[in-house]
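Subject: Structure for your files

Dear colleague,

Here is the structure I said I would pass on. My notes follow below it.

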Amino acid sequence: MDSNDITRRRVISTLGAVGTIGLAGCGGDGGDGGSDGGDGGTDGGDGGSDGTDGGTDGGDGGSDGGDGGSDGGDGGETTRPDTEVRIGMVQPRSGALGPYGTIALRGFLTYFGYEGADIPSEIGTGEYTLELGDTTYTMEVRDSGGAAGEAQTQAREMAQSADIIAGGTSSASANAIANNVAKRANIPYMAGPAASVALTGSSDNCGETVYRASETVAMDAQSGGKYIANETDIESVYIYYADYSFGQSVFQNYSRVLEANGVSVSGSQALPQGYSDDWPGQFENATQAGVDAVIGGFTVATLPAMLGTYLANDYDFRFVGGWGTRLSGGALGAALQNNLDELTAESIQNAGLGPLTTRYHWNQYDNEMNTQANETHRDAYGTNTDLFTSGMFTAASAIDQAVTESGSSNGDDIREALKGMTVQTTMKGEGGYQFQEWNNQARSAMTVADPIPTEDTQYWDAPIQPGAPIQTYGMDETTQPQDQQSCDLS
């Protein structure tokens, strides 16, 4: 045990009395519960993300390729150090957010399976040992129950023995861990898949110890908003959104990108979570505004009622936004089946749904790494890789690359190796994610795809899936400029 570990544990021992400070400011998004990005990206454009702004900008801040000496494994066979790395993983394993914690954990573990480790097919809580070469990764999984306060408590306890903390499905949980554990105890934290832009984009939350590979809501908007503006005939939109941080982030980011690209936001309405009272009345407002499309910043608790009303009536506007997880695909697909005579690609398009932006799905990236990783995931879990998988796969890949390059399990060494890293092994291809030095947020490509009926129900049990990508935006296009955010770690 080195002196840094001793100092950190002394700091952690004092956090029990003060650890809940700040939760009112970062844990209250709608019970946060993960109704924000925790949700899995079920709402229109949310992608499981709340926050305010993505925090990433292409090409800036020395955040691209190979910088920081972090292009790992290339140029020869990977030699991992003879050491043990302890990862403290906080995810919901119970409650409403439990299924999203499962998706996140499966993505993280799929990296280890891809690299040859034996991975568990069932993931609860407790310790899991993963052997990669001479390096032993011991991952301890704790249940947050979807609550920010519990996530913080579990992270604080694990920080006493872990080398790095990871996880946090909801944005409130991620912000609580970042502010009240990672920064106070000086332990590296790999957040995800929570997509609050403010986690890495705001000086209130970002920090030298806080990293995230998973995509943000601003990345949804940077790609989806540009597509709407430049590739469709949509000239005006009406945005409906849940009245808490995630929905507000959808509204703020889509408004910013659309208006910057010549599309008018002709109206907006904040609504309570789970709203289903009067969608016909709400859509009458969009009709009166004469818009070409509506966007919904909601989770799966709201979207089916919203989409069901939309499909049951002959509106003159389209329904656009973002893809969600397989879970939300099931709910939205059921709404389509209930309102269309036949579920076909043509009938979905004629109904006015899409195109939709996606952070990641298994069929959006044609490269060998993605193909093999999806096969590993199928073998272990019986499904195709999902919205959160790529970001969490990359989180694990980045940690392993940092350990290999630094030759160390020390948290400070891991953090330094992550700085500005180009992650070599990713599901979006070699070098497909790059951590920006000015905010430690990874940037990556995004795609746009139309909804189509599911082609292989063996590995995707939702009625709909993304079609082939009709537009891909590179990492330089999906990230928000540094001068639009308040974080600056460079």
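I began with the helix packing. H4 and H15 are oblique to each other, because their axes cross at roughly 45°. The model is predicted, so please read every value here as computed from it.

**H4 against H15**

H4 covers residues 98–114 and H15 covers residues 389–406, and their axes come within 7 Å. The crossing of H4 past H15 is right-handed. From H4, the contact takes in Ile103, Ala104, Gly107, Phe108, Thr110, Tyr111, Phe112 and Tyr114. H15 contributes Thr389, Met392, Phe393, Ala395, Ala396, Ser397, Ile399 and Asp400. By class, the residues of this contact are 11 nonpolar, four polar and one charged.

**H15 against H16**

H15 also packs with H16 (residues 411–418), where the axes come within 8 Å and cross at roughly 110°. That angle makes H15 roughly perpendicular to H16. On the H15 side the residues are Ala398, Ile399, Ala402, Val403, Glu405 and Ser406. They meet Asp413, Ile414, Ala417 and Leu418 of H16. This contact has seven nonpolar, one polar and two charged residues. Ile399 is listed in the contact of H15 with H4 and also in that with H16.

**The chain as a whole**

The protein has 17 helices and 18 strands. Of its 490 residues, 64% are buried. Taking contacts between residues at least 6 apart in sequence, 76% join residues at least 24 apart.

**Cis peptide bonds**

Two glycine-proline bonds deserve a look in the backbone. The bond from glycine 192 to proline 193 is cis, with omega near 5°. Proline 193 sits in the loop between strand E5 (189–191) and helix H7 (197–201). The bond from glycine 354 to proline 355 is cis as well, again with omega near 5°. Proline 355, however, belongs to strand E11 (residues 353–358).

**Positive phi**

Asparagine 186 is not a glycine, yet its phi is positive, at about 60°. Asparagine 186 lies in the loop that runs between helix H6 (171–185) and E5. Its relative accessibility is 38%, so asparagine 186 counts as partly exposed.

Asparagine 440 likewise has a positive phi, near 60°. Asparagine 440 is placed in the loop between strand E13 (433–435) and strand E14 (442–443). Is asparagine 440 buried or exposed? Asparagine 440 is buried, because its relative accessible area is 0%.

**Phenylalanine 251**

Which residues does phenylalanine 251 contact, leaving aside its neighbours within four places in sequence? They are Ile239, Tyr241 and Ser268. Phenylalanine 251 and alanine 221 are separated by 30 residues in sequence, and their C-alpha atoms are 9.4 Å apart.

Those are the notes on this model.

Regards

Note on methods. Residues are numbered from 1 along each chain as its sequence is written. This is a predicted model: local features need pLDDT of at least 70, side-chain atom pairs count only at pLDDT 80 or more; totals for chains, interfaces and linings use all residues. Side-chain values use heavy atoms; hydrogens and water are left out. Helices (H or I, at least four residues) and strands (E, at least two) are DSSP runs, numbered from the N terminus. Buried means under 20% relative accessible area, exposed over 50%, partly exposed in between (1.4 Å probe, protein chains only). Contact means heavy atoms within 4.5 Å. Axes are lines fitted to C-alpha atoms, for helices over the stretch in contact, and angles run from 0 to 180 degrees between N-to-C directions. Angles under 35 degrees count as roughly parallel, over 145 as roughly antiparallel, 65 to 115 as roughly perpendicular and the rest as oblique. A crossing is left-handed if the near helix is turned anticlockwise from the far one by less than a right angle, and right-handed if clockwise. Ala, Val, Leu, Ile, Met, Phe, Trp, Tyr, Cys and Pro count as nonpolar, Asp, Glu, Lys and Arg as charged, and the others, Gly among them, as polar.
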